[in-house]
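Biologist: Could you put the structure up, so that we can go through it together?
Modeller: Here it is.

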Amino acid sequence: MNKILFNIKDLSFSFSKKEVLRSLSLKIYEGDYLSIIGPNGSGKTTLIKCLIRIYESPEEKIYFKNLPIEKINQKKLAAQISYVPQVTEQSFSFTAKEFLMLARYPHLSRFTSVTSDDKKAVTEALDITSSTHLANRQMNTLSGGEKQMIFIASAFAQGGEVILLDEPATFLDPKHEQEIYEILKTIHQQTNKTVVTVTHNINSAILYSDKIALLKDGQIEFYGASDEITENNILEKAYGKKFTFIKHPTGNKSIIVPEVL
Amino acid sequence: MIKSKKLILLFFSAFALLVISLTPFIGMETIPFETILNFDSTNIKTDIFWRLRVPRVLIAFVAGSALAISGMTFQAMFRNSLATPFTLGVSSGAAFGAALYVKLGIIFSFLGIVGQTIFAFVGALISIIIIYTLSKIKRGFSVGTMLLAGVAINFFFSSFILFIQFMSDFTESFSIMRWLMGGFEIIGYSDIYNILPFIIIGSAIIIFLSTELNLLTLGEDIAISRGVSVSKIKNTLFIATSLMVSGVISVVGPIGFVGMMIPHISRLIIGSDHRYLVFLNIIVGGAFLILCDTLARTLIAPAEIPVGVITALLGGPFFIWLLINNSNDDSSI
């Protein structure tokens with residue numbers, strides 16, 4: 001068994017009066033590719049944001065490498081955990097390269113400028129995401145797919161051993177969507193980084209990830225190997241809808257096919 | 001890329017130096033170069049030059065720089081070009097504090113800081129706390145909400161200022177009103193010494209945090225995830241801006257729009273990297289306000305136009321232009 005990276009114990013989290021996470025417990029293991037799925041409003045994004053302290057969770061509920069997350073300095077945390085937010089329409093007036101350099105912030109010391117390590121990390125990030133040709137483009141001029149690739153590159157440049165992603169491919173066309181998942185797989189396999197991604201695409205979760213966690217009403221409804229999600233009507237109970245599965249022609253996994261009424 | 005940014009800074013520094021050294025010669029009384037070194041006590045022109053015009057030009061520079069980088073900081077923190085200490089009501093909070101001090105007629109100083117500056121600082125802080133609380137309660141509130149909150153805060157403090165004026169006699173009232181228009185008429189060196197510590201500390205903090213400002217323009221979520229302790233940094237920046245804005249306002253009155261126009265123009269010139277942007281703002285902001293003040297004291301000489309009127313005449317249309325552009329692209333930072 002691999003080491004536990006995140007140990008979430010009995011985590012509850014509310015916005016004003018609405019409780020989003022309810023005594024949620026989950027362990028995330030080093031080197032895993034974990035997909036977090038679940039119906040809208042089940043708390044997926046909130047959970048991810050708690051893991052990087054965008055939302056401050058109650059004390060001693062989330063442990064990262066055996067330390068309560070709130071005890072870790074934000075910069076040190078960011079040096080170990082990278083994050084890709086949900087696709088945003090907001091514009092940034094930086095070039096892709098400048099944007100990646102900003103992701104090196106956790107490694108910068110205040111009185112020295114950019115080091116060769118930083119430059120190397122940025123070059124590698126552009127390389128592994130095949131986006132070297134975008135380096136000097138303004139972020140505002142990139143297409144949705146290109147922009148998302150740069151975000152993934154920035155998470156890679158940030159250098160964390162964990163990459164958290166919030167719906168990395170939701171608004172992309174099928175080609176770009178597949179590209180994103182392929183790159184994540186490559187990053188996961190080549191560098192053995194832990195990948196935790198929130199997604200609505202159950203098939204990608206089944207095909208690409210090792211494990212799946214299914215959230216419903218702020219609790220973990222299922223956690224296990226990704227191909228087990230199609231068993232025992234787990235999905236049907238969670239989403240309140242019937243699913244039909246077929247075997248994927250290449251490989252052994254069952255995937256969902258669209259229902260025809 | 002970086003080289004060209006340094007060249008830009010060099011070019012504008014030279015321009016600012018030129019502005020600083022030439023404008024004191026211009027005015028109702030044109031001063032020939034040879035007289036400025038003639039310290040013959042009977043020479044009134046030397047006196048005008050050293051006692052009136054030079055300190056005036058210097059304080060205009062300091063005030064312009066401070067207003068510009070305060071504006072830049074607000075724009076980065078709120079991720080919007082329309083968010084400045086002036087539009088969000090911080091200036092009117094400071095103005096209220098300073099006006100209240102005038103009306104109360106108490107004269108005190110603390111650690112060598114004049115009471116009016118301290119009152120202005122408290123006023124600025126109150127506005128900032130209101131804005132800050134609003135942005136906390138309504139997480140991710142829209143530009144519209146934010147500007148309306150600014151309008152409300154402005155109304156709130158303006159009515160207090162009106163009330164103070166109403167309670168004052170004619171002379172007091174006139175002097176408050178004249179001060180509210182902003183201007184550099186009766187500036188001496190002591191005023192510069194008085195506010196310089198505020199400006200230096202405030203600017204130093206902002207320069208020191210310029211990388212954090214870059215990350216804040218990406219949005220708070222991304223900034224946090226990249227390791228910025230956002231609340232701590234924002235609090236520090238709020239205090240730094242309050243220090244500068246209140247320092248400037250307590251001496252020269254609430255001069256508007258510099259903090260909106262200069263950062264925007266500077267960004268068009270040198271880009272969004274705050275490590276360079278902050279210096280361009282200092283240089284251009286300072287030079288700009290000196291030029292405005294030179295216009296203010298020469299256009300209808302021997303009378304003077306309050307410099308705040310000049311900046312507002314330029315700033316009003318600029319604001320509308322930004323508003324139109326902003327609606328197309330919600331985050332023009």
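Strands, contacts and confidence

Modeller: To begin with chain A, in this predicted model strand E1 (residues 4-15) of chain A runs antiparallel to E2(A), and the two are joined over 8 bridges.

Biologist: Which residue is the bridge partner of A:Phe6 in E2(A)?
Modeller: The partner of A:Phe6 there is A:Ile28.

Biologist: And what is the order of the strands in that open sheet of chain A?
Modeller: The open sheet has 4 strands in the order E2-E1-E4-E5 (chain A), with antiparallel pairing, and its edge strands are strand E2 (18-29) and strand E5 (67-68) of chain A, each of which pairs on one side only.

Biologist: Switching to the contacts, how many residues of chain B are in contact with chain A?
Modeller: On the chain B side there are 18, in contact with 21 residues of chain A. Helix H8 (210-216) and helix H9 (220-225) of chain B each supply at least two residues of the side that touches chain A, and H9(B) gives the most, with 4 residues.

Biologist: How do the residues on that side of chain B divide into nonpolar, polar and charged?
Modeller: The side of chain B that touches chain A has 6 nonpolar, 8 polar and 4 charged residues.

Biologist: What ipTM and pTM does the predictor give the complex?
Modeller: The predictor gives an ipTM of 0.90 and a pTM of 0.87.

Biologist: And where in chain B does pLDDT stay under 50?
Modeller: That is the case over residues 327-333 of chain B, for which the model has 17 contacts beyond four places in sequence, whereas the mean pLDDT of chain B is 84, with 93% of its residues reaching 70 or more.

Note on methods:
Residues numbered from 1 in each chain as written. Chains lettered and ligands numbered in written order. Predicted model: local features only at pLDDT ≥ 70, side-chain atom pairs only at ≥ 80, totals over all residues. pLDDT = per-residue confidence, 0-100. Contact = placed C-beta atoms within 7 Å. Nonpolar A, V, L, I, M, F, W, Y, C, P; charged D, E, K, R; others polar. Pairing = 2+ DSSP bridges.
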